[in-house]
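Work through the following exercises on aromatic rings with the structure open beside you, and try each task before reading its solution.

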Amino acid sequence: MGGELFIRKGREASLLRRHPWVFSGSVDHVSGDPQPGDTVDIRDSEGTWLARGAYSPLSQIRARIWTWREAEPVDRDFFRRRLADCLAYRRRLSMDDCSNAWRLVHGEADGLPGCVVDKYGPYFVCQFSTVGAERWKQDMAACLMELEGTRGVYERSDGDSRQREGLEPSCGVLAGEEIPERFEVQEHGLRLWADLKRGHKTGYYLDQRDNRALLWDCGGLEVLNCFSYSGGFGIRAALGGAAHVVQLDASADALELAKANVSLNSLPDSMFDYVRDDVFHWLRQCRDSRRSFDVIVLDPPKFADTQRQLEKACRGYKDINLLAAKLLRPGGRLLTFSCSGAMTPELFAKVVGEAFQDAGRLARVMGVLSQAPDHPLAVNFPEGHYLTGLDLAIREDSF
Ligand code: SAH
C-alpha cells in the first residue's frame with residue numbers, strides 16, 4: 001500500500017488550481033510499488049507535497065485526487081466525512097422537498113472521483129467507475145448504512161468507463177437489504193417507476209428533474225417527447241394540462257415503462273400515443289406530412305463521448321433541432337438538450353442557432369438549462385458540466 005507519484009517539472013499548475021486529475025503526460029515517475037487503486041502521495045519535482053489520490057496505472061488519468069490536505073489520511077473516516085459533506089449540501093438544497101430520489105454523490109464535483117451514489121428513498125444505488133473508487137466501495141457502503149433510514153446499498157457498476165480502468169462490470173447488493181426491482185419516484189408531484197436494476201443510469205434520469213418541471217403549464221397543447229425513455233417529460237406535460245402527448249423512443253422496453261408510468265399518474269391512456277421509431281426518421285416523416293406540434297422535447301442520448309466524435313455529434317444535434325424547428329407552431333416551445341460531456345453550452349447554442357437559421361425560424365431563449373443541482377458543477381472541475389440545454393420560445397415570424 002502506498003507510494004509516491006512525482007509530477008514533471010512545470011506540470012503542476014492544474015493540481016495547484018485544484019483540478020482533481022493527473023494525466024499520464026504530467027507524471028515524471030512513481031516510487032514505491034503502488035498497485036491499482038492504492039492511495040499515493042503526489043509531489044512536485046522538488047518533492048513538495050501537493051495532494052493525495054488514487055493510482056490508476058491503466059488509465060490516461062493516472063491519479064485522481066482524494067484530498068488536498070496533507071494531514072488527512074484516506075481511510076473509512078475520510079469517506080464518512082465526505083458523505084456527510086455531500087449530505088449537508090443536499091439538505092441545503094432541500095432535496096427531500098423536491099423528490100424522494102436524488103443524487104448524493106456526483107463524483108469529482110463532490111470530492112469523490114469515480115463515485116456516483118443515488119438515493120431512492122431508503123435505498124442507495126452506486127456506480128464505481130475507477131480502481132480508486134472500487135478499492136473503497138465496501139467502506140462507502142458501510143458509511144451509507146450508518147445514515148439514518150438506510151435499508152440497502154446496491155451496486156450498478158455496469159458503465160463502459162470501468163473497462164478503461166481494467167475493471168469488470170459489477171452489480172449486486174453491497175450492504176443491507178436487497179433493493180426492490182422498481183421504485184416509485186415522486187418528484188414535484190410527478191410519479192414514475194424507476195427500474196433500479198436494469199434501467200438506464202441508476203434507474204432514472206434524476207439530472208432532468210428541474211427541466212421536466214418546466215412543463216407544468218401546457219394547457220391544451222400538443223406535445224412531442226422525443227427520446228422519451230420512461231416518459232417523464234411527456235407525463236409532466238400531461239399533468240400540466242396538455243391535450244395530447246406523443247412519446248417517441250426507439251426502445252420497446254422504454255415505451256412499456258412510459259405506459260406503466262401513465263397509469264401510475266392516473267392519466268387517461270387516450271391522451272398518449274406511443275411511437276417506436278428512430279427520432280431522425282420519424283421527424284422527417286412529420287416534416288414531409290406537414291405535421292406540427294406546440295411543444296417538442298429533444299433529450300437524446302450522448303452523441304459524443306470524446307472530443308474526436310464532437311463534429312459528427314454536432315451534425316446529429318443540428319439535424320434533429322432543424323427538424324424540430326420546422327415542426328413547431330408559431331408561439332411553440334422547444335426544450336432541447338445535449339448530455340455529451342464534450343459539448344459546451346456555447347457550442348450547443350451555436351449548433352441550435354444554425355439549425356434555426358437553416359429552418360428559417362426565430363426563437364427567444366427563455367432559459368439556458370443545466371443538470372439539477374444535486375449533480376453539482378464544481379468551479380475546479382469544468383468537465384463535470386455534461387448536461388446543457390435551451391428552453392426556446394418560437395416566434396410568430398419566420399424567414
Ligand atoms: N428524456 C428521458 C431520458 C432520455 S434517454 C427522461 O427524461 O427520462 C435517451 C433515450 O433515447 C433512450 O430511451 C433510448 O432508447 C432513446 N434513443 C436513443 N437513440 C434513439 C433514436 N435514434 N431514436 C429514438 N430513440 C432513441
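Rings of Phe, Tyr and Trp, the last taken by its six-membered ring, form a pair if their centres lie within 6.5 Å. The model used here is a predicted one, and a search of the whole structure finds 14 aromatic pairs.

**Exercise 1.** Classify the pair formed by the rings of Trp66 and Phe79, and state which parts of the chain the pair ties together.

*Solution.* Begin with the geometry: the ring centres are 5.1 Å apart and the planes stand at 80 degrees, and because planes over 60 degrees apart count as edge-to-face, this pair is edge-to-face. Finally, look around the pair: Trp66, Phe78, Phe79 and Trp136 form one aromatic cluster.

**Exercise 2.** Classify the pair formed by Phe280 and Phe303, and locate both residues.

*Solution.* The centres lie 6.1 Å apart with 35 degrees between the planes, and the pair is tilted. Phe280 lies in helix H9 (residues 279-288), while Phe303 lies in the loop between strand S17 (293-298) and helix H10 (310-327), so the pair ties together parts that are 23 residues apart in sequence. Phe303 is partly exposed, with a relative accessible area of 23%.

**Exercise 3.** Over which ring does the charged end of Lys259 sit?

*Solution.* The charged end of Lys259 sits over the ring of Tyr274, 5.1 Å from the centre of that ring.

Methods
Residues are numbered from 1 along each chain as its sequence is written. This is a predicted model: local features need pLDDT of at least 70, side-chain atom pairs count only at pLDDT 80 or more; totals for chains, interfaces and linings use all residues. Side-chain values use heavy atoms; hydrogens and water are left out. Rings of Phe, Tyr and Trp (its six-membered ring) pair if their centres lie within 6.5 Å; planes under 30 degrees apart count as stacked, over 60 as edge-to-face and the rest as tilted. Helices (H or I, at least four residues) and strands (E, at least two) are DSSP runs, numbered from the N terminus. Buried means under 20% relative accessible area, exposed over 50%, partly exposed in between (1.4 Å probe, protein chains only). A charge sits over a ring if NZ of Lys or CZ of Arg is within 6 Å of the ring centre and within 35 degrees of the ring normal.
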